[in-house]
Amino acid sequence: MNIKFLVSLFTLLFISILFAHAQPPPPPGEGVPIDGGATLLIASGVAYGIKKFRDYTLKDDK
């Protein structure tokens, strides 16, 4: 790579950093909503845990 390419790349990256803006922080007091996806994930984890526990206890009985 030649030096002109590297200088151009560095300049482009530096300029793009100057124009990058982050989102403003959310207002205080707002919680994270637990929607259907998180509830479904928790429920499936509980169901999987129950199944594994049952499989473990049935294996010990035999």
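Analyst: Start with a definition. A salt bridge is a side-chain nitrogen of Lys or Arg within 4 Å of a carboxyl oxygen of Asp or Glu. Keep in mind that this is a predicted model.

User: What makes K51 and D55 a salt bridge?

Analyst: Their closest N and O atoms are 2.7 Å apart. The cut-off is 4 Å, so the pair qualifies. The structure holds 1 salt bridge. Side chains of opposite charge can pair when their charged atoms come close.

User: Where do K51 and D55 lie?

Analyst: Both are in helix α2, which covers residues 36–61. They sit 4 residues apart, about one turn of the helix.

User: Why is K51 called partly exposed?

Analyst: Its relative accessibility is 47%.

User: Why is the pair of F10 and F14 called stacked?

Analyst: Two values decide. The ring centres are 6.4 Å apart, and a pair needs them within 6.5 Å. The planes meet at 20°, and stacked means under 30 degrees. Therefore the pair is stacked. Both residues lie in helix α1, 4 residues apart, about one turn of the helix.

User: What makes the contact between N2 and F5 a polar contact?

Analyst: A polar atom of the N2 side chain lies 2.9 Å from the backbone nitrogen of F5. The limit is 3.5 Å, so the distance is within it. N2 lies in the segment before α1. At 46% relative accessible area, N2 is partly exposed.

User: Which residues make the nonpolar surface patch?

Analyst: I3, F5, L6, V7, L9 and L13 make it, with about 550 Å². Take L9, in helix α1 (residues 3–19).

User: What does the whole protein look like in numbers?

Analyst: There are 2 helices and 0 strands. Of its 62 residues, 0% count as buried. The protein exposes about 6300 Å², and carbon and sulfur atoms supply 72% of that.

Key. Residues numbered from 1 in each chain as written. Predicted model: local features only at pLDDT ≥ 70, side-chain atom pairs only at ≥ 80, totals over all residues. Heavy atoms only, no water. Patch = residues over 30% accessible without salt bridge, like charges linked within 9 Å, V, L, I, M, F, W, Y side chains within 5 Å. Areas by Shrake-Rupley, 256 points an atom, 1.4 Å probe, with all protein chains shown as cover. Phe/Tyr/Trp six-rings, centres within 6.5 Å; stacked < 30°, edge-to-face > 60°. Buried < 20%, exposed > 50% of the residue type's maximum accessible area, 1.4 Å probe, protein only. Polar contact = N/O pair within 3.5 Å; in protein donor to acceptor, adjacent residues only side chain to side chain.
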